[in-house]
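Hi,

Here's the structure I said I'd pass on.

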Amino acid sequence: MLVLITYDVSTMDKEGRRRLTKVAKKCVDHGQRVQNSVFECILDSTQLRKLKYELEELIDKDTDSLRFYNLGENYKTKVDHMGAKESYDMESPLIL
């Protein structure tokens, strides 16, 4: 299923900037960045639960926020893109 993950991490101090870097790296490990703090991730329910837990452990719940939007299996009909940074098909083989 496609899950859209968004986050807002306070960067008012050094610790916040560290948290931001860790959250971004964790999201990069699971999907593609489509905006500065927005990632599209193809995950099954187990992977999603694990990723939610890992991200929750990284943030400061008093100053940061995470949002998860589950677009399901038929996401291709739910995503409309305009402009730069065309995304790649995360389910097709990647040829290097």
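Let's start with Glu 56, which touches Lys 61 and Leu 66 once residues up to four places away in sequence are left out. Touching, or contact, means heavy atoms within 4.5 Å. With Lys 61 there is also a polar contact, side chain to side chain, at 2.6 Å. A polar contact is a pair of N or O atoms within 3.5 Å; within protein, one must be able to donate a hydrogen and the other to accept it, and residues adjacent in sequence count only if both atoms are side-chain atoms. As for Leu 66, its C-alpha atom is 8.0 Å from that of Glu 56, and the two residues are 10 apart along the chain. Glu 56 counts as partly exposed because its relative accessibility is 37%. The scale goes like this: buried is under 20% relative accessible area, exposed is over 50%, and partly exposed is in between (1.4 Å probe, protein chains only).

Before going on, a word on where this comes from. It's a predicted model, so local features need pLDDT of at least 70 and side-chain atom pairs count only at pLDDT 80 or more, while totals for chains, interfaces and linings use all residues. Residues are numbered from 1 along each chain as its sequence is written, and side-chain values use heavy atoms, with hydrogens and water left out.

Now the overall picture. The protein has two helices and four strands, and from the N terminus on they run β-α-β-β-α-β. Helices (H or I, at least four residues) and strands (E, at least two) are DSSP runs, numbered from the N terminus. Of the 96 residues, 29% count as buried. Among contacts with a separation of 6 or more, 65% are between residues 24 or more positions apart.

How do the two helices H1 and H2 cross? Their axes come within 9 Å and cross at roughly 170°, with H2 covering residues 45-58. Therefore H1 is roughly antiparallel to H2. The contact uses Arg 19, Lys 22, Val 23, Lys 26 and Cys 27 from H1, and Leu 51, Glu 54, Leu 55 and Leu 58 from H2. Sorted by type, that's five nonpolar, no polar and four charged residues. (Axes are lines fitted to C-alpha atoms, for helices over the stretch in contact, and angles run from 0 to 180 degrees between N-to-C directions. Over 145 degrees counts as roughly antiparallel. Ala, Val, Leu, Ile, Met, Phe, Trp, Tyr, Cys and Pro count as nonpolar, Asp, Glu, Lys and Arg as charged, and the others, Gly among them, as polar.)

Over in H1 (residues 14-28) you'll find Arg 17. Arg 17 is partly exposed, because its relative accessibility is 44%. A polar atom of its side chain lies 3.2 Å from the backbone oxygen of Thr 11.

Last one: UniProt, in an unreviewed entry, places a "binding site" feature at Asp 8. UniProt positions are in the numbering used here, feature names are shortened, and annotations may be inferred rather than shown by experiment. Asp 8 sits in strand S1 (residues 2-8) and touches Thr 63, Asp 64 and Ser 65, leaving aside neighbours within four places in sequence.

Cheers

Definitions and conventions: Angles under 35 degrees count as roughly parallel, over 145 as roughly antiparallel, 65 to 115 as roughly perpendicular and the rest as oblique.
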